[in-house]
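Please open the structure in your viewer and keep the sequence beside it, so that each selection can be found in both places.

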Amino acid sequence: MGYTGLFVMLAIIFLIVISNRHLFWWIKATIAVYYFVISYIFITTKNKIDKQYENILPVPDAYWDKNSGWVNTMVGYYFWPLAVILLFIYYKWYRSVQSRIAKGWIVVSFIPATAIFLIITFFFGFGYGYRP
């Protein structure tokens, strides 16, 4: 089972958090520890679910229910905190600029950022929750 998508997502989150000047170092460290812990829990539990139903064909409905439920739970743990972090960063960024044009561009940039966030959320849930 590959977790490349998860690691890429974590790298993006860490780049956003670590490179942000509006977050204190201890908040950055707390966010990093949080994502490391939930990633460990996610991977170990997902591997246990996969191992429990390994080599059973056809794949039973119990596997799909358990796996999809677990991934949907983890989507909340990954993406709700990320949404709060991103909203905070956008708010601080918006407040830090003085020009109306700059503020307008920040608001406009929020639209594709929201779309990318929703797409990544969908692909995470779909990719890990609905494949054998």
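This is a predicted model: local features need pLDDT of at least 70, side-chain atom pairs count only at pLDDT 80 or more; totals for chains, interfaces and linings use all residues.

**The pocket.** Begin by selecting Ile16, Leu86, Tyr90, Ala113 and Phe117, which among the 21 lining residues of the largest pocket lie nearest its centre. This pocket has a volume of about 470 Å³, and the elements that each give two or more residues to its lining are helix H1 (4-18), helix H3 (61-96) and helix H4 (100-129). If you colour by element, look for H3, which supplies the largest share of the lining with 8 residues. Colouring by residue type instead divides the lining into 18 nonpolar residues, 3 polar ones and no charged ones.

**The salt bridges.** The model has 2 salt bridges. Select Asp50 and Lys46 next, whose closest N and O atoms are 3.3 Å apart in a salt bridge; both residues lie in helix H2 (residues 25-52), 4 residues apart, about one turn of the helix. Then move to Lys51 and Glu54, whose side chains meet in a salt bridge at 3.7 Å, N to O. Here Lys51 counts as exposed, with 60% relative accessibility, while Glu54 is partly exposed at 44%.

**The patch.** Finally, show the surface and select Ile119, Phe122, Phe123, Phe126 and Tyr130, which form a nonpolar patch with about 570 Å² of accessible area together. Ile119 lies in helix H4 and, at 46% relative accessibility, counts as partly exposed.

Methods. Residues are numbered from 1 along each chain as its sequence is written. Side-chain values use heavy atoms; hydrogens and water are left out. On a 1 Å grid over the protein atoms alone, a cavity is a set of points where a 1.4 Å probe fits but cannot get out, and a pocket is an open set with protein on both sides within 12 Å along at least five of seven lines; lining residues have an atom within 4 Å of a point. Grid points are joined across faces, edges and corners, and a volume is the space filled by probe spheres set on the points. Ala, Val, Leu, Ile, Met, Phe, Trp, Tyr, Cys and Pro count as nonpolar, Asp, Glu, Lys and Arg as charged, and the others, Gly among them, as polar. Patches are made of residues with over 30% relative accessible area and no salt bridge: like charges are joined within 9 Å, nonpolar side chains (Val, Leu, Ile, Met, Phe, Trp, Tyr) within 5 Å. Accessible areas come from the Shrake-Rupley method with a 1.4 Å probe; for residues, only the protein chains shown count as cover. A salt bridge is a side-chain nitrogen of Lys or Arg within 4 Å of a carboxyl oxygen of Asp or Glu. Buried means under 20% relative accessible area, exposed over 50%, partly exposed in between (1.4 Å probe, protein chains only).
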